[in-house]
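Open the model in your viewer and keep the selection tool at hand. The stops below go in order.

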Amino acid sequence: MKGIADLAVIPHKFARKERIVADVQISAGLMHSGYPVMIHTESANELVRPGDARTKGLWGETHELGHNQQRTCWEFPPHTTECTCNLWSVYVHEEVLGLNREKAHSSMTLTKRKRRVDEYVKGGKKLSDWTIWVALETYLQLQGKFGWDAFKKVFAAYHKITNYPSDNDGKMNLYAVTFSQAVGMNLTGFFKAWGWPIDRATEKKLSNLPPWNFTVLTHLNH
């Protein structure tokens with residue numbers, strides 16, 4: 001939970017404790033977020049075996065706790081609804097549990113990641129295809145280049161933003177500006193390469209920063 005809080009840049013002591021309740025029948029999926037997080041009874045054993053957590057992981061539980069940290073100002077539904085919550089899964093597994101992302105979830109192997117990016121690029125980089133695991137690659141490439149501290153700076157910056165666009169296009173441009181300013185580099189080319197609707201005003205606003213020279217297909221990291 002301290003790891004969840006650290007990435008979200010919020011106090012370790014929550015206003016109320018996060019609770020995970022196991023039951024024989026829940027309202028959606030294998031698990032779902034909210035207060036409390038709900039899981040099926042067969043998953044309950046995972047939570048009382050800390051040794052297993054460091055070898056097998058707790059992807060589902062950290063995924064749901066990540067959902068509870070998502071914020072409208074930097075979310076672009078439906079593209080990132082099941083995506084950005086996984087930032088917490090990756091962070092907690094690697095930074096807290098000491099478990100490499102490739103071992104934390106079967107979809108995180110380098111082979112599968114490369115295949116997804118390749119298919120997205122070959123498919124024309126359509127924003128309609130930028131969802132879940134494909135969308136996560138965008139964020140993981142940023143993490144690979146700039147580290148987790150960059151995300152912490154971005155999330156901290158958003159805590160102070162009270163006036164933000166209500167549409168995805170506007171919010172994506174705001175994110176490009178916020179992340180670029182956090183790392184001191186112009187990332188408009190990067191986001192455009194991923195199919196984001198970056199407008200000229202954003203490009204002009206960040207034109208004084210040095211650009212990040214990258215190749216979408218070669219910045220996979222593990």
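Helices here are DSSP runs of H or I with at least four residues, numbered from the N terminus. The model is predicted.

**Stop 1: the annotated span.** Select residues 1-147. UniProt, in an unreviewed entry, places the feature "domain: Peptidase M60" on residues 1-147. In the model, 44% of this span is helix and 7% is strand.

**Stop 2: helix H7.** Now select residues 132-146, which form helix H7. Among the buried residues are Trp133, Val134, Glu137, Tyr139 and Phe146. Step just past the end of H7 to Gly147, where phi is positive, at about 85°.

**Stop 3: the nonpolar core.** Select Trp130, Phe151, Tyr175 and Trp196. These residues have the most contacts inside the largest nonpolar core, which has 53 residues. The element that gives the most to this core is H7, with eight residues.

Keep Tyr175 selected and show what surrounds it. Which residues is Tyr175 in contact with, leaving aside its neighbours within four places in sequence? The list holds Trp74, Phe76, Tyr139, Phe151, Val154, Tyr158, Phe191 and Trp196. One of these, Tyr139, is a buried residue of H7.

**Stop 4: Glu137 and its partners.** Side chains of opposite charge can pair when their charged atoms come close. The structure holds six salt bridges. In one of them, Glu137 pairs with Arg113, and the closest N and O atoms are 2.8 Å apart. Glu137 lies in helix H7 and Arg113 in helix H6 (residues 110-122), so the bridge ties together parts that are 24 residues apart in sequence. Buried means under 20% relative accessible area. Glu137 is therefore buried, at 1%, and Arg113 is buried too, at 0%.

At 16% relative accessibility, Arg116 counts as buried. Leaving aside neighbours within four places in sequence, Arg116 is in contact with Ser107, Trp133, Val134 and Glu137.

**Stop 5: Glu203 and Lys192.** Move on to another salt bridge, the one between Glu203 and Lys192. Its closest N and O atoms are 2.7 Å apart. Glu203 is in helix H11 (residues 200-205) and Lys192 in helix H10 (residues 188-193), eleven residues apart. Are these two residues buried or partly exposed? Glu203 is partly exposed, at 26% relative accessibility, and Lys192 is partly exposed at 42%.

To finish, select Arg113, Arg116 and Glu137 together: salt bridges that share partners join them into one network.

Definitions and conventions. Residues numbered from 1 in each chain as written. Predicted model: local features only at pLDDT ≥ 70, side-chain atom pairs only at ≥ 80, totals over all residues. Heavy atoms only, no water. Helix = DSSP H or I, 4+ residues; strand = E, 2+ residues; numbered from the N terminus. Expected span 1.5 Å × (residues − 1). Buried < 20%, exposed > 50% of the residue type's maximum accessible area, 1.4 Å probe, protein only. Core = buried A, V, L, I, M, F, W, Y, C linked by side-chain atoms within 4.5 Å. Contact = heavy atoms within 4.5 Å. Salt bridge = Lys/Arg side-chain N within 4 Å of Asp/Glu carboxyl O. UniProt positions renumbered as here; feature names shortened; annotations may be inferred.
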